[in-house]
Amino acid sequence: MATGGPHSAATFLLFVNLIMYAAAAVVAGWAINYSINVTPSATLAPPARIFPIYFPIGNLATGFFVIFSLLAGVVGVMTSLTGLQEVMQARLPSILSAAASSVVTWALTLLAMGLACKEISIGPRPANLRALETLTIILSGTQLFCTGAIHAIAPSTLTGSSLIGRV
């Protein structure tokens, strides 16, 4: 089979990303839940009242980082699930849609990674946020490789009949 290498690499990376994105979404969800339960909103100063989720843990970049990590985690889980199904079908439209959603997920993960780097540079954080930062930074690399593997499958699914229009 000509697509064996990229097909199996993409399947493996999609499965690994599924697990890692789910873990990132769980940790980010915990951080949001913790901030909602712990923060007394009536006693906050005006800048903290403007931002609806004040994080008593971490530093000033934590709120943005956690929200974008949760967004990237949820989109990553859905991209990995649909990507697994579409790579298994191995049809050109399925591969192209998996490639497009993979690029969008990678962009969101890069945004969360940039905020993770900013949070690291600002100062100390608790262990849970360090774990989320580590997952986000690792996910940006594995998502890049996954996107490349999915894009490597696309030329091998092209056949002569798919390039011919209505005759």
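Helices (H or I, at least four residues) and strands (E, at least two) are DSSP runs, numbered from the N terminus. The model here is predicted, with local features needing pLDDT of at least 70 and side-chain atom pairs counting only at pLDDT 80 or more, while totals for chains, interfaces and linings use all residues. Residues are numbered from 1 along each chain as its sequence is written, and side-chain values use heavy atoms, with hydrogens and water left out.

The chain contains five helices and zero strands. Its pattern along the sequence is α-α-α-α-α. Contact is used here for heavy atoms within 4.5 Å. Among the contacts with a separation of 6 or more, 79% join residues 24 or more positions apart. The chain has 167 residues, and 41% of them count as buried. Buried stands for under 20% relative accessible area, exposed for over 50%, and partly exposed for what lies in between (1.4 Å probe, protein chains only).

The UniProt record, an unreviewed entry, places the feature "transmembrane region" at residues 12–32, 53–75 and 95–116. UniProt positions are given in the numbering used here, feature names are shortened, and annotations may be inferred rather than shown by experiment. In the model, residues 12–32 are 100% helix and 0% strand, with end C-alpha atoms 30 Å apart. Residues 95–116 are also 100% helix and 0% strand, and there the end C-alpha atoms are 31 Å apart.

Two of the helices can be checked for length. The expected span of a helix is 1.5 Å times one less than its number of residues. H3 has 28 residues and should therefore span 40 Å, which agrees with the 40 Å between its end C-alpha atoms. Just after H3, Ala-90 takes a positive phi of about 55°.

Next comes the interior. A nonpolar core is a set of buried Ala, Val, Leu, Ile, Met, Phe, Trp, Tyr and Cys residues joined through side-chain atoms within 4.5 Å. The largest one has 31 residues, and Val-66, Val-87 and Ile-150 have the most contacts inside it. Helices H1 (4–38), H3 (62–89), H4 (92–122) and H5 (127–157) are the elements that give two or more residues to this core. H1 gives the most, with ten residues.

What does Val-87 touch, leaving aside its neighbours within four places in sequence? Its contacts are His-7, Ala-10, Thr-11, Leu-14, Ile-95, Ile-150 and Ile-153. Ser-80 is found in helix H3 and is buried, with a relative accessible area of 1%. Not counting residues up to four places away in sequence, Ser-80 touches Leu-14, Asn-17, Leu-18 and Tyr-21.

Helix H4 has a number of buried residues, including Ser-94, Ile-95, Ser-102, Thr-105 and Glu-119. Ala-98 is in helix H4 and counts as buried at 1% relative accessibility. Leaving aside neighbours within four places in sequence, Ala-98 is in contact with Gly-83, Glu-86 and Ile-150. Ala-98 and Leu-84 are 14 residues apart along the chain, and their C-alpha atoms are separated by 8.5 Å.

Ala-131 is found in helix H5 and counts as partly exposed because its relative accessibility is 36%. The C-alpha atoms of Ala-131 and Ala-23 are 9.9 Å apart, although 108 residues separate them along the chain. Ile-138, also in helix H5, is partly exposed at 43% relative accessibility. From Ile-138 to Thr-109 the C-alpha distance is 9.8 Å, across 29 residues of sequence.

Side chains of opposite charge can pair when their charged atoms come close. A salt bridge is a side-chain nitrogen of Lys or Arg within 4 Å of a carboxyl oxygen of Asp or Glu. How many salt bridges does a search of the whole structure find? The search finds one. Arg-125 forms it with Glu-133, and the closest N and O atoms are 2.9 Å apart. Arg-125 is buried, with a relative accessible area of 16%, and Glu-133 is buried at 2%.

A disulfide is a pair of cysteine sulfur atoms within 2.5 Å. A search of the whole structure finds zero disulfides. Cys-117 is partly exposed at 37% relative accessibility, whereas Cys-146 is buried at 0%.
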